[in-house]
Amino acid sequence: MSYLHSIGEYFIMLKDIFRRMTKPSVLKTLIFKEVDDLIINSLGIVIFISFFIGGVVTIQTALNLNNPLIPKSLIGFTARQSIILEFAPTFISIIMAGKVGSYITSSIGTMRVTEQIDALEVMGINSVNYLVFPKIIAMLLYPFVISIAIFVGLGGAYLAGVMGGFVASEQFLEGLQSDFIPFHLVYAFIKSFFFALILATVPAYHGYYMKGGALEVGQASTTSFVWTSVILIITNYVLTQLLLS
């Protein structure tokens with residue numbers, strides 16, 4: 001029953017986000033701050049992880065191609081498919097659940113503990129809209145982060161394959177362009193959009209409705225990461241089944 005209660009509470013929070021809007025001038029400032037905190041400050045770790053994940057995919061693929069009858073261009077093909085379909089949108093989102101999700105939960109949870117949320121309500125401000133809505137708008141730029149992850153991942157794959165001596169540059173580029181389906185990019189960005197909404201709202205729910213003190217803020221951040229990751233994986237499965245089957 002507690003799970004059903006939490007699910008209902010979550011959807012009530014989503015409804016309350018749009019119930020009474022904060023002044024546009026205030027929201028504008030909050031949105032730009034959230035873009036800086038959630039998107040811009042995450043680019044460094046996204047670029048770092050994407051580059052080396054791309055390299056690892058290439059190396060592992062190359063080391064498993066022992067049959068001389070298999071063309072080396074398959075290395076580029078495999079790297080492209082792996083990075084676009086799964087590694088960039090899904091793996092990066094799991095990492096972001098730890099970085100962005102924990103930040104959102106801890107920041108809102110701290111406001112709950114220090115009674116700042118109660119103060120917002122006393123002043124007649126819709127605290128859910130004030131705290132969560134700017135995060136949702138900021139996370140709409142998340143597909144841009146995934147596009148950077150794809151680009152950097154493919155760059156890392158290329159450098160690892162060519163400079164590591166696993167594949168010639170022409171062969172890798174041939175595989176990179178072979179049988180390319182543009183809808184796979186659309187699929188990655190559709191997933192990124194849904195993942196962005198999950199990354200913005202699930203951690204916010206755990207922070208907004210937490211109870212206790214400073215210790216409970218840490219526990220809420222951990223719980224938030226676990227449940228955000230679970231929901232991301234389930235959503236990934238459902239979207240893959242709907243869009244690619």
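Contact here means heavy atoms within 4.5 Å. This is a predicted model: local features need pLDDT of at least 70, side-chain atom pairs count only at pLDDT 80 or more, and totals for chains, interfaces and linings use all residues. Residues are numbered from 1 along each chain as its sequence is written, and side-chain values use heavy atoms, leaving out hydrogens and water.

View 1. Asn129 lies in helix H6, residues 127-139. Helices (H or I, at least four residues) and strands (E, at least two) are DSSP runs, numbered from the N terminus. Asn129 counts as buried because its relative accessibility is 0%. Buried means under 20% relative accessible area, exposed over 50%, and partly exposed in between (1.4 Å probe, protein chains only). Leaving aside residues up to four places away in sequence, Asn129 touches Ile17, Arg20, Met21, Thr22, Leu27 and Pro134.

**View 2. The whole chain.** The chain has 10 helices and zero strands. Its pattern along the sequence is α-α-α-α-α-α-α-α-α-α. The C-alpha atoms fill a box of roughly 70 × 40 × 35 Å, taken along the principal axes. Of the 245 residues, 45% are buried. Among contacts with a separation of 6 or more, 87% join residues 24 or more positions apart. The chain exposes about 12400 Å², and carbon and sulfur atoms supply 72% of that area. Accessible areas come from the Shrake-Rupley method with a 1.4 Å probe; for residues, only the protein chains shown count as cover.

**View 3. Spans annotated in UniProt.** The unreviewed UniProt entry places the feature "transmembrane region" at residues 38-63, 83-104, 140-168, 180-205 and 225-244. UniProt positions are given in the numbering used here, feature names are shortened, and annotations may be inferred rather than shown by experiment. Residues 83-104 are 100% helix and 0% strand in the model, with end C-alpha atoms 27 Å apart. Residues 225-244 are also 100% helix and 0% strand, and their end C-alpha atoms lie 27 Å apart.

**View 4. A nonpolar surface patch.** Tyr3, Phe225, Val226, Trp227, Val230, Ile234, Tyr237, Val238 and Leu242 make a nonpolar patch of about 910 Å². Patches are made of residues with over 30% relative accessible area and no salt bridge; like charges are joined within 9 Å, nonpolar side chains (Val, Leu, Ile, Met, Phe, Trp, Tyr) within 5 Å. Helix H10, residues 214-244, gives the largest share of the patch, with eight residues. Trp227 sits in helix H10. Trp227 is partly exposed, at a relative accessible area of 36%.

View 5. A salt bridge is a side-chain nitrogen of Lys or Arg within 4 Å of a carboxyl oxygen of Asp or Glu. Side chains of opposite charge can pair when their charged atoms come close. A search of the whole structure finds six salt bridges. One of them joins Asp16 and Lys15, at 3.2 Å from N to O. Asp16 is buried, with a relative accessible area of 15%. Lys15 is exposed, at 54%. Lys15, Asp16 and Arg19 are linked in a network of salt bridges.

View 6. Lys33 forms a salt bridge with Asp37, and their closest N and O atoms are 2.8 Å apart. About one helical turn separates Lys33 and Asp37 because they are four residues apart in helix H2. Lys33 is partly exposed at 46% relative accessibility, whereas Asp37 is buried at 18%. Lys28 is also found in helix H2, residues 24-39. Lys28 counts as exposed, at 54% relative accessibility. Lys28 and Thr201 are 173 residues apart in sequence and 19 Å apart in space, C-alpha to C-alpha.

View 7. The side chains of Arg112 and Asp118 meet in a salt bridge at 3.4 Å, N to O. Arg112 is partly exposed, with a relative accessible area of 21%. Asp118 is partly exposed at 37%. Glu115 lies in the loop between helix H4 (73-113) and helix H5 (116-122). Glu115 is exposed, at 53% relative accessibility. Most residues other than glycine have a negative phi. Glu115 is not a glycine, yet has a positive phi of about 65 degrees.

**View 8. Asp179 in a loop.** Asp179 is placed in the loop between helix H8 (169-177) and helix H9 (183-208). Asp179 has a positive phi of about 50 degrees, although it is not a glycine. Asp179 is exposed, with a relative accessible area of 61%.
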